[in-house]
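Subject: Structure handover

Hello,

Here is the structure we spoke about. Please open it alongside this message, and my notes follow below.

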Amino acid sequence: MSRPLSRRHLLLATGLAAPALIAARPARAAAEEVDVELVLAVDVSRSVDTEEMEMQMQGYAAAFRDPRLAEGIAGGPLGAIAVTLFVWSDWNIQNVLVPWTKLDGPAACERFAAAVDGASRETYLYTSISGAIDFASRQFGQRYSGLRRVVDISGDGVNNSGRPLAQARADALEQGIVLNGLAVLDRTPQPSALLAGIPPVDEYYRDEVIGGPGAFLMVAEGYETFAGAVRRKIIREIAALPTPGPLVERETA
């Protein structure tokens, strides 16, 4: 008949087993280093109609097919960036359409463009820039580790849902995230906006949204200029050694 183990024997047995249990745990994969982690945050609030939504998505796809973008990526210290794209509207609506993708040459850029082409087209109601910034901030460090972390926020309206924009902006900047903007000007602004004293969207994005080292604003004067604006913007964002440029750039028809 076997005797029950003493407390000392139980402690010894547990101590001997612990290293084996620790060794058996799978090691967490280290994040892959890239030059830039770039989050593309696309406005799909009710001010963006079906045609304008399509113009936005076609503009992003065209940007990643531009040979100059692949050349810019190749010029970086590591020769690779990571990009993800999500759409946003209300404070609780952020949908990832293209997950994190490593871009290290023309073929990878084409795959990303094709993913944008095939992504769903969707629109919602309100405009929560603060919600978009909060969501974007949580996307970093999941699979890649960038020498720079950049959020590219496109939109055509002011924050009207979720927590105060100033708080979300401050929290992102505290994490070392750069916030760039792509403001789309509506050529026929709503009379209600003018009466309410809402500032022009380009001034609003310049003063309230963008921030961080080297942050800048690209202004598309109408959705028909969106493709050119987003192409210029992304090429500037992924530059290996971003040179000081204008705080605000404009793309006109």
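Which side chain meets that of E37 in a salt bridge? The partner is R149, with N and O 3.2 Å apart. Before going further, please keep in mind that this is a predicted model.

**The E37 pair**

E37 sits in strand 1, and R149 sits in strand 4 (residues 144–155). The two residues are 112 apart, so this pair links distant parts of the chain. Is E37 buried or exposed? E37 counts as buried, because its relative accessibility is 0% and the cut-off for buried is under 20%. R149 is partly exposed, at 27% relative accessibility.

**Other salt bridges**

How many salt bridges are there by this rule? The count comes to 17. One of them joins the side chains of E32 and K102, at 2.5 Å from N to O. E32 belongs to strand 1 (residues 32–43) and K102 to strand 3 (residues 94–103), so the bridge ties together parts that lie 70 residues apart in sequence. E32 is partly exposed, with 35% relative accessibility. K102 is partly exposed too, at 28%.

R250 and E221 form a further salt bridge. Their closest N and O atoms are 3.4 Å apart. R250 lies in strand 7 (residues 248–251). E221 lies in the loop between strand 6 (217–220) and helix 9 (226–237). The pair is 29 residues apart and links distant parts of the chain. R250 has a relative accessible area of 38% and is partly exposed. E221, at 21%, counts as partly exposed. The value for E221 is 21%, and buried requires under 20%.

There is also a network. R232, R236, E249 and E251 are linked in it by salt bridges.

In what order do the 7 strands of the open sheet run? The order is 3-2-1-4-5-6-7, and the pairing is mixed. Strand 3 and strand 7 stand at the edges. Each has a single partner strand, so one side of each has no neighbour in the sheet. From one strand to the next, the twist averages 15°.

Strands of a sheet pair through backbone hydrogen bonds, in parallel or antiparallel fashion. Both kinds can be picked out here, as two pairs show.

- Strand 2 and strand 3 run antiparallel, joined by 7 bridges. They form a hairpin with 5 residues between them. I81 stands opposite L103 in strand 3.
- Strand 5 (residues 178–184) and strand 6 run parallel, joined by 4 bridges. G181 has L217 of strand 6 as its bridge partner.

**Helices across the sheet**

Which strands does helix 4 lie across? Helix 4 (residues 106–118) lies across strand 1, strand 2 (81–88) and strand 3. Its direction is at about 165° to strand 3.

Helix 8 (residues 201–209) lies across strand 2, strand 4, strand 5, strand 6 and strand 7. Helix 8 runs at about 170° to strand 5.

**Where to look**

Then follow strand 1 to E32 and its bridge to K102 in strand 3. After that, go to the other edge of the sheet, strand 7, where R250 makes its bridge to E221.

Best wishes

Definitions and conventions: Residues are numbered from 1 along each chain as its sequence is written. This is a predicted model: local features need pLDDT of at least 70, side-chain atom pairs count only at pLDDT 80 or more; totals for chains, interfaces and linings use all residues. Side-chain values use heavy atoms; hydrogens and water are left out. A salt bridge is a side-chain nitrogen of Lys or Arg within 4 Å of a carboxyl oxygen of Asp or Glu. Buried means under 20% relative accessible area, exposed over 50%, partly exposed in between (1.4 Å probe, protein chains only). Two strands pair if DSSP finds at least two bridges between them. Axes are lines fitted to C-alpha atoms, for helices over the stretch in contact, and angles run from 0 to 180 degrees between N-to-C directions. Contact means heavy atoms within 4.5 Å.
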